[in-house]
Amino acid sequence: MEVANNVTEFIFLGLSQDPGVQLMFFALFLLFYIVIMVGNLLILLTVFSDPQLQTPMYFFLSNLSFVDIAYSSATAPKMIADFISEKKTISYWGCVTQMFTFHFFGCAEIFVLTVMAFDRYAAICQPLRYTTIMSANVCIVLASLSWLGALGHSFVQTLLTFQLPFCNDQVIDHYFCDVHPVLKLACADTTLVNMLVVANSGLISLGCFLILLASYMIILFSLRKRSSESRRKALSTCGSHFTVVTFFFVPCIFIYLRPSTTFPLDKAVSVFYTTITPMLNPLIYTLRNEDVKNAMKRIWSRKVSFKEKGKG
């Protein structure tokens with residue numbers, strides 16, 4: 001990616017340039033980021049500590065929690081710091097790194113959510129064959145393919161963007177280095193790159209979203225003959241998953257499945273898949289999941305019991 005250019009750093013315009021609004025955003029997004037870190041770390045701790053959660057569903061949930069921590073960390077700390085900084089700058093290579101990590105973990109989230117939908121399909125529609133279909137080896141392979149696919153996507157996306165020359169324009173009308181805002185600064189024809197970006201990011205988002213919708217339709221169709229208790233439990237799990245999917249995929253499709261045009265609404269829409277979804281994931285998967293809540297109670301009971309024994 002050694003390209004002749006005159007740019008050594010970029011300047012973000014951020015979500016707002018009003019000092020009062022920036023201060024309010026600083027407090028708000030700092031709170032969001034703390035919730036993301038604490039909530040997802042709590043899920044990781046719970047899944048790894050409780051033997052009853054050593055199942056494919058919670059294996060992929062722990063993958064999702066790890067992705068959310070890393071994904072939000074690609075943009076949130078810099079954005080939060082910029083709210084109280086006079087000059088919101090990022091170095092050229094810092095921008096490259098941010099775009100790579102953001103798309104790597106973002107695409108990993110897309111693939112992990114898709115694999116989780118397949119796991120729910122196997123559990124609900126193929127219950128007798130579930131342990132064979134979702135064996136430990138299959139889970140590891142699916143998780144590995146998700147991470148490798150995300151790595152390939154991110155490498156291509158970043159290479160396509162930064163193989164272009166950047167001359168004098170440094171101002172990015174965004175709060176992080178994303179493809180469309182950065183491409184607007186390139187002093188070269190970006191038509192082909194824009195088409196490849198749509199094919200790379202847009203079609204991945206749309207394709208996985210359609211797969212998810214199809215899997216949910218099949219699950220709902222298969223639940224017609226189940227008992228009311230089975231339907232309630234399955235719908236509760238799938239309802240949680242579908243809520244996460246909607247908040248994540250719809251904004252992604254809106255942003256990436258179109259040519260390189262930017263709208264004032266884009267920054268607000270981006271907040272949903274960069275901050276809101278990683279924050280909602282642990283809340284949705286704990287508040288609406290009895291297994292996770294019971295596991296947390298067991299861990300807490302063991303901790304209290306251990307303390308009492310220590311005092312005795």
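## A tour from cavity to cysteines

Start by selecting α4 (92–125), α8 (191–222) and α9 (228–256): each of these helices gives at least two residues to the lining of the largest cavity. Helices here are DSSP runs of H or I with at least four residues, strands are runs of E with at least two, and both are numbered from the N terminus. Before you click on, note that this is a predicted model, where local features need pLDDT of at least 70, side-chain atom pairs count only at pLDDT 80 or more, and totals for chains, interfaces and linings use all residues. Residues are numbered from 1 along each chain as its sequence is written, and side-chain values use heavy atoms, with hydrogens and water left out.

**Stop 1: the largest cavity**

A cavity is a set of points on a 1 Å grid over the protein atoms alone where a 1.4 Å probe fits but cannot get out, and its lining residues have an atom within 4 Å of a point. Points are joined across faces, edges and corners, and the volume is the space filled by probe spheres set on them. There are four cavities of 30 Å³ or more, and the largest holds about 120 Å³. What is the lining's make-up, nonpolar, polar or charged? Nine residues are nonpolar, five are polar and none is charged (nonpolar: Ala, Val, Leu, Ile, Met, Phe, Trp, Tyr, Cys and Pro; charged: Asp, Glu, Lys and Arg; polar: the others, Gly among them).

**Stop 2: helix α6**

Now select residues 136–162. This is α6, with 27 residues and a reach of 39 Å from first C-alpha to last, close to the 39 Å expected at 1.5 Å a residue (1.5 Å times one less than the number of residues). Colour its buried residues, including Trp147, His153, Gln157 and Phe162; buried means under 20% relative accessible area, exposed over 50% and partly exposed in between, with a 1.4 Å probe and protein chains only. The buried residues of α6 pack against β1 (9–12), α2 (56–73), α4, α7 (179–183) and α8. One of them is Cys139, which counts as buried at 5% relative accessibility.

**Stop 3: the disulfides**

Next, show every cysteine. Taking a disulfide as a pair of cysteine sulfur atoms within 2.5 Å, you'll find two.

- Cys95 and Cys177 have their sulfur atoms 2.0 Å apart. The torsion about their S-S bond is about -120°, so this disulfide is left-handed. Cys95 sits in α4 and Cys177 in the loop between β3 (171–172) and α7, 82 residues apart. Both Cys95 and Cys177 are buried.
- Cys167 and Cys187 have their sulfur atoms 1.8 Å apart. With 80° about the S-S bond, the link of Cys167 and Cys187 is right-handed. Both are partly exposed, Cys167 at 29% and Cys187 at 35%.

Counting bonded cysteines along the chain, the pattern is 1-3, 2-4.

**Last stop: around Cys187**

Zoom in on Cys187, in the loop between α7 and α8. Which residues does Cys187 contact, leaving aside neighbours within four places in sequence? Pro165, Phe166 and Cys167, with contact meaning heavy atoms within 4.5 Å. Asn168 is 19 residues from Cys187 in sequence, and their C-alpha atoms are 8.4 Å apart.

Note on methods. On a 1 Å grid over the protein atoms alone, a cavity is a set of points where a 1.4 Å probe fits but cannot get out, and a pocket is an open set with protein on both sides within 12 Å along at least five of seven lines; lining residues have an atom within 4 Å of a point.
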